[in-house]
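Please find below some notes for a first look at this model.

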Amino acid sequence: MSAFRSLSNLDEFIDNILSEPRFRDSIVATKSEEEREPEWAALPTWLPEQLLKLLQAGRIDRLYTHQAEALEAVQQGANLVLSTGVASGKSLCYQIPVLTELLNIPQSRCIMLFPTKALAQDQAGKLSAMMESLNLALPKAGKLHCGIYDGDTPTDRRQKIRREAQVLFTNPDMLHMGILPNHSLWAPFFANLHYVVIDEVHIYRGVFGSHFANLIRRLKRIAAFYGRKLQFVCTSATLANARELAEKLLEEPVTMIDRDASPHGRRVFLILNPPMVNHELGIRRSALMETTAISRRFLDSPGQAILFTGPRRSVEILYLYLLNRGLENKIRAYRSGYLAENRRQIEKELREGEVQLVVSTNALELGIDIGGLDAVFLNGYPGTISATKQQSGRAGRQGQTALTIMVAAANPLDQYICQHPEFIFERSPEQALIDPDNSEILQKHILCAIADMALLVDESFGSVSSVLLEPHLQILEEDGKIRKVGGRYQKKPESYPAQDVSIRNASSQMQLVCGGELIGYVDKASAYWMVHPNAIYLDQGDTWKVKRLDLEEDRVELEPIVVNYFTMPQRKTEIELLQLFMQSRLPGGARYMGRVKVTTTITGFKKLRFQTQEILGYEELDLPPSELDTIAWWISLNQNTIGKLRDQGLWRNDPNNYGRGWDKICMEIRTRDSFRCQNCGAQEADKAFEVHHKIPFRKYDKAEEANAPENLVTLCPRCHRLAEANVLIQSGLSGLGYLLVNISPFFVSCDRKDLDLFYESKCDLASGDAVVAIFDTIPGGVGLSRRLYQLCDKVLNDALALVKSCPCTDGCPGCTGPSAESGEGAKTLAIAMLKELLALSQ
């Protein structure tokens, strides 16, 4: 047993962090939750003898009360959603009912749906081991079988799985593309299908969740054709609306069990804000470096931890920083893009205590079994309360202390949390919203359902009656996609619509190769910014240079290289009107809806030195742009409105006019400062450094006062960005855009990532007027922006009500966005804009 498996002195490590000035003085919030004892219940009396012996052999002779309640609900025939914490034994709540049924009725069948292949493989391994133990006492004819059926399943094994597997492990994509359209090949399986397990049901939100709900409609329809009524067992992370989500996905009543009776030791959650390194400029120490320092300190002790961080690049950079101490045997990096066998090996090493720390994206946030851990470190706020709780919940061995340390980044949201820790400590997790009846999504799945099996004229589709289906069927018929033959609708011959419907909006994978050897993968959507020509690609401590990016062959050629820098792409985003569909006046402007093209171009990249992030140089790139053809809703403010706001001092979107001779002043200041950054000491190279106003220019009445030499300082681009972030004066358009894009999902039942934002003070979308635009992130759009245009008045009125009722003074994550640490928010500006747009009295 590895020494990493038990950390007897985690409390000592916590005391060390709380007492050492280096870390103690940066801790801005602490939350401690006391130890909780388990609540026990007896094993059910209805368990088959073989299963009872198996559980007892595994030292399971009693259950947590939430497990017992879940098993009883399933035994009574109820659909279930179980929403309890990480490592609370949720898997047992579907394993026991399924195995019980198979022991009693061997011909019964079950589908287990997992959102990722890794989760399916993880759970298949566990159930397979249980089956193998049970099979020792079963006759040959009654032995139990399960199988994984996904895109990686070899063709020669698929027929055997269809024939023998009593439990099928798969994912929504395979169900959509491979199983339902070919249900006749699965006839014996569907004729005996009873249980459907949906793991991690909280994943199915927004557009993906709306697709998934229609996929369940199709599954239930096929099962009904074979005479089967399905029973669903769902597991979920903590959600504000777990039952509501499950009932909307299944269109059936669901029993929810959410009182967690599993034990846990003392839980400590610390929020650490890196110290100021330049008080005059308001620049803090890098969160990346502070997280590295804490992780190194933890590695001096026994125990295990995960370090969660955001982008894939930061995983690799943190891993490299930690490797500088010769810790390669103690740590691993983990993210998407690694070879599957490498990821499985890392999971095994963590589970078996062979490594001490894994640096990961949110890929380890889901329920892959990696054993109990002692600590979780968060490099920055994970973005949602739900994700924060899920990642933090990874820490905790039974009965022992668990620690989470979140190191705040310099961005306004993290700094807001440092000032208001109750934002994550006391607020409920976010809701998961879906809209299965979204017209465009529904129509795609009606077509897929007809391809699965002809649709009768008077047949409903889930809760959508035949009367409500009729308009969709007419459109599909007029488009030549289906035809009406007698009393049923049939698909067009030789068509396979499921392959044209992406339920995840996922892009294809590109292979990363070096001399014919496969190194890893990158999704095509990320290729331009991760593996552009001459990019440095980081992979588990190795550095590679991109020699060639071949988008047609989905191939990236790499060569090994030793360098002291990494690359950061620079991008430009533009929006272009392709076709205006609708337009109408608002009292203070106008509203529009149309087809737009959002173009993102990678124009070049920076080379940044490891550790210091000093800019070593720039290179330009000539790459084709990435284009998103989609639908947008936007509002504009007319010149009269802008004039009123400007007269009131509430318009901050005009560019700064630094006055006469600004270029000369910049040269004088840079010369005075010896062409060096006055924060980090970097020397100018290819490009001139920035001249920064210590007190923001907008806070002065006269340019001459703002441009006084004592208020100006030379900064490199990185330090200038950090200094600007601290004193950012948020514009009204920025605040209004933040408010609208975050409130819009509640009107169209989607997820925040299904919509994106663009704003500009002089925009061609409205003949040069100021614009805030919200657009569907799915190519072609799925009707979200179209619906927002129709609901424009309600959205604007509700936005105004929300921001006026928010108790904050200057803006916060709940309204117009957090203000910078020493900057100014846009709450007052956004309120004024909304009132002008709606012609409400001031």
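1. A residue is called buried here if its relative accessible area is under 20%. By that cut-off, F269 and F425 are both buried. The model is a predicted one, and the points below should be read with that in mind.

2. How are the rings of F269 and F425 placed against each other? Their centres are 5.4 Å apart and their planes stand at 80°. Planes over 60 degrees apart count as edge-to-face, so this pair is edge-to-face. The two residues come from distant parts of the chain, 156 residues apart: F269 belongs to strand β11 (residues 267–272) and F425 to helix α17 (residues 422–425).

3. R591 has its charged end over the ring of Y789, with 5.3 Å to the ring centre.

4. Strand β11, which holds F269, is part of an open sheet of seven strands. The order is β1-β11-β18-β17-β14-β16-β15, and the pairing is mixed. At the edges lie β1 (27–33) and β15 (331–334), each of which pairs on one side only. On average, and with direction ignored, neighbouring strands of the sheet are turned by 15° against each other.

5. Within this sheet, β17 (residues 375–379) and β18 (residues 402–407) run parallel and are joined by five bridges. N379 has V407 in β18 as its bridge partner.

6. Which strands does helix α1 touch? Helix α1 (residues 10–19) packs on the sheet and touches β1, β11, β17 and β18. The direction of α1 makes about 30° with that of β18. Helix α13 (residues 312–323) lies across β14 (305–308), β15, β16 (357–360) and β17, and runs at about 170° to β15.

7. Is T816, a loop residue, buried or exposed? T816 lies in the loop between α28 (792–805) and α29 (827–838). The relative accessible area of T816 is 0%, so this residue is buried. Leaving aside residues up to four places away in sequence, T816 touches Q730, G735, Y738, L739, V803, G811, A826, K827 and A830.

Note on methods
Residues numbered from 1 in each chain as written. Predicted model: local features only at pLDDT ≥ 70, side-chain atom pairs only at ≥ 80, totals over all residues. Heavy atoms only, no water. Phe/Tyr/Trp six-rings, centres within 6.5 Å; stacked < 30°, edge-to-face > 60°. Helix = DSSP H or I, 4+ residues; strand = E, 2+ residues; numbered from the N terminus. Buried < 20%, exposed > 50% of the residue type's maximum accessible area, 1.4 Å probe, protein only. Lys NZ or Arg CZ within 6 Å of the ring centre and 35° of its normal. Contact = heavy atoms within 4.5 Å. Pairing = 2+ DSSP bridges. Axes fitted to C-alpha atoms, helices over the stretch in contact; angles between N-to-C directions.
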